[in-house]
Amino acid sequence: MGKLLKKLNEQYNFEISSGYIYYSMANYMKDKGMDGFAHFFNKQAEEEFEHAEKLRQFLFEVDVRPELESIEKPQVEFGNFTETFKTAYEHEQEVTRRINELVDLAAEEKDHRVTSLLQWYVDEQVEEEDNFRGIIERLERIGESWAGLYIYDGELGRR
Ligand code: OFO
């Protein structure tokens, strides 16, 4: 496996571990009685597994067998609701950094197949980051108001 495809395999694993982190956030929220926020993070986890699946399919298509690595134990406590979303946002920024690195490497290696695949991830990251920024802004406005939190919990529960 060349360097670029190895890095893609790493990203495949990273997407799975992202899903794992979001499951942990979902459990934190559920434990605090915020079923809507928990639902949001469960959906987010499912999306990560779809991102992983897309990479897995691609690797097979270019005749590489994807390899699974062990997954690190995710964080369990997150401080509070806003902090949880902030941690998720920071995680998405890390994903973006990794995708950009892959884009640069694909350009260096002149691998247009990978460049084309990665364009989808570049666009997806713009959406993901915007999404989390919006949620954090809402939560910061709501502050400590339980009435506001419950309304927003219901809203994100319909995602
Ligand atoms: Fe949440 O991002 Fe995957 O790629």
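Trainee: In which helix is Phe60 found?

Mentor: Phe60 is found in helix 2, which covers residues 35-61. Before going on, some ground rules: this is a predicted model, where local features need pLDDT of at least 70 and side-chain atom pairs count only at pLDDT 80 or more, while totals for chains, interfaces and linings use all residues. Residues are numbered from 1 along each chain as its sequence is written, and side-chain values use heavy atoms, with hydrogens and water left out. A helix here is a DSSP run of H or I with at least four residues, a strand is a run of E with at least two, and both are numbered from the N terminus.

Back to your side chain. Phe60 is partly exposed, at 42% relative accessible area; buried would be under 20% and exposed over 50%, with partly exposed in between, using a 1.4 Å probe and protein chains only. Setting aside neighbours within four places in sequence, Phe60 is in contact with Arg65 and Pro66, where contact means heavy atoms within 4.5 Å. Glu137 is another story: it sits 77 residues from Phe60 along the chain, and their C-alpha atoms are 40 Å apart.

Now stay in helix 2 and look at Glu48. Glu48 is buried, with a relative accessible area of 1%. Not counting residues up to four places away in sequence, Glu48 touches Glu15, Ser18, Gly19, Tyr22, Glu92 and Glu128. Beyond four places in sequence, the contacts of Glu15 are Glu48, His51, Ala52, Leu55, Val95 and Tyr121.

Those names matter for the record. An unreviewed UniProt entry puts the feature "binding site" at Glu15, Glu48, His51, Glu92 and Gln125. They span 111 residues in sequence, yet no two of their C-alpha atoms are more than 12.9 Å apart, so they gather at one spot. The unreviewed entry also lists "domain: Ferritin-like diiron" for residues 1-143. UniProt positions follow the numbering used here, feature names are shortened, and annotations may be inferred rather than shown by experiment. Over that stretch, residues 1-143, the chain is 80% helix and 0% strand, with its end C-alpha atoms 50 Å apart.

A pocket is found on a 1 Å grid over the protein atoms alone, as an open set of points where a 1.4 Å probe fits, with protein on both sides within 12 Å along at least five of seven lines; lining residues have an atom within 4 Å of a point. The largest has a volume of about 330 Å³, and of its 17 lining residues, Ser17, Ile21, Ile71, Glu72 and His91 are closest to the centre. A volume is the space filled by probe spheres set on the points, which are joined across faces, edges and corners. Helix 1 (3-31) and helix 3 (81-108) each supply at least two residues of the largest pocket's lining, and helix 1 has the largest share, with 6. By type, this lining has 6 nonpolar, 6 polar and 5 charged residues. Nonpolar here is Ala, Val, Leu, Ile, Met, Phe, Trp, Tyr, Cys and Pro, charged is Asp, Glu, Lys and Arg, and the others, Gly among them, are polar.

The second largest pocket holds about 180 Å³, and its lining includes Phe81, Trp146 and Leu149. Helix 3, helix 4 (112-142) and helix 5 (146-156) each give two or more residues to that lining.

That brings us to helix 5, where Gly148, Leu149, Tyr152, Asp153 and Leu156 are buried. Seen down the axis, these buried residues fall within an arc of 135°, so they line one face of the helix; the arc is that of the directions from the helix axis to the C-beta atoms. Ala147 and Ile151 are exposed on the other side of helix 5. The cover over its buried residues includes helix 2, helix 3 and helix 4.

Zooming out, the protein has 5 helices and 0 strands. Of its 159 residues, 45% count as buried, and its C-alpha atoms fill a box of roughly 55 × 25 × 25 Å along the principal axes.
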